[in-house]
Amino acid sequence: MSLNGRYSLGIILTFVLLAASMLYSIPLINLFFESKVLTAEIFFYNRLSLWLVLILVLVYNFFIENRSFFVWEDKKYSPIFYFGAIIILYLICAIGGAFLNGIIMLLTKEKLSEKILQISSLFKNNYFIIIFTCLTAGVIEELLMRAYIQPRIEKIYKSPVLGILISAILFGILHSTYGTVGQVVVPFFIGIVFALFYKKYSNIKILIICHFMFDFISLMIMNFVDLKNLTLLSL
């Protein structure tokens, strides 16, 4: 199989494993623990399953692709650049995402995601779950969606635009498990912003930190504010 063929198979494998983890891990974990309700412990194992996906992709990369996981070598920048990039990225995603979500709710009269309402109680003063959830999203999603999938799509099709668009579309589709239009459109928008940044600056660490910060602030707001007043959340 050619390298592009191995890249294509790796992209499909990564997306399928991520989708399966988000869709089926909680029912399977519930079945194992003989539970019918979602608890903090079960949600923890659900997030842990995403780390298993990363391990499986790393194994595939090492044994099948036999190439570096990072197609684009991470570039080094000054601490000032790190700080400025993280703040600017966060503001773009938070303001732009809130604006898009507001338009969607206005046009569709869409209510908050039932799934988010279901898990909101798990985060109440449970700072371990909050931090672990944000760390998982930041590390796993950025390593797989940006560092792994985006440059491989660009390599296959020789198109930076397709690398950015397809990785963002897949990122949005993965968040459709939350069951609302806003939870697809906003992650798609964030996926575009992050993919553009990664293409231009080739630094995954900044994206991981920004993703963690974005989710952490959202979950802390969820922890202290009535969820009905929260207009933007990405997990």
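Lys158 lies in the loop between α5 and α6, where helices are DSSP runs (H or I, at least four residues) numbered from the N terminus. The model is predicted: local features need pLDDT of at least 70, side-chain atom pairs count only at pLDDT 80 or more, and totals for chains, interfaces and linings use all residues. Residues are numbered from 1 along each chain as its sequence is written, and side-chain values use heavy atoms, with hydrogens and water left out.

Phi of Lys158 is near 55°, a positive value in a residue other than glycine. Most residues other than glycine have a negative phi. Lys158 is exposed, with a relative accessible area of 69%; exposed means over 50%, buried under 20%, and partly exposed in between (1.4 Å probe, protein chains only). Ser202 also has a positive phi, about 45°, although it is not a glycine. Ser202 sits in the loop between α7 and α8, just after α7. At 6% relative accessibility, Ser202 counts as buried.

Helix α6 (residues 160–174) packs on helix α7 (residues 182–201) at an angle of about 145°, with their axes 7 Å apart. Axes are lines fitted to C-alpha atoms, for helices over the stretch in contact, and angles run from 0 to 180 degrees between N-to-C directions. The crossing of α6 with α7 is right-handed, meaning that the near helix is turned clockwise from the far one by less than a right angle. Contact means heavy atoms within 4.5 Å. On the α6 side, the contact residues include Pro160, Ile164 and Phe171; on the α7 side, they include Val184, Pro187 and Lys199. This contact holds 13 nonpolar, four polar and one charged residues. Ala, Val, Leu, Ile, Met, Phe, Trp, Tyr, Cys and Pro count as nonpolar, Asp, Glu, Lys and Arg as charged, and the others, Gly among them, as polar.

The 20 residues of α7 should span 28 Å at 1.5 Å a residue, and the end C-alpha atoms are 28 Å apart, which agrees. The expected span is 1.5 Å times one less than the number of residues. Buried residues of α7 include Gln183, Ile190, Phe194 and Tyr198. The buried residues of α7 pack against α3, α4 (114–120), α5 (127–157), α6 and α8.

The axes of α3 (residues 79–108) and α8 (residues 204–224) come within 9 Å and cross at roughly 45°. That makes α3 oblique to α8; angles under 35 degrees count as roughly parallel, over 145 as roughly antiparallel, 65 to 115 as roughly perpendicular and the rest as oblique. The crossing of α3 with α8 is right-handed. Among the contact residues are Phe81 and Tyr90 of α3 and Lys205 and Phe214 of α8. By class, this contact has 15 nonpolar, no polar and one charged residues.

Conventions:
Helix = DSSP H or I, 4+ residues; strand = E, 2+ residues; numbered from the N terminus.
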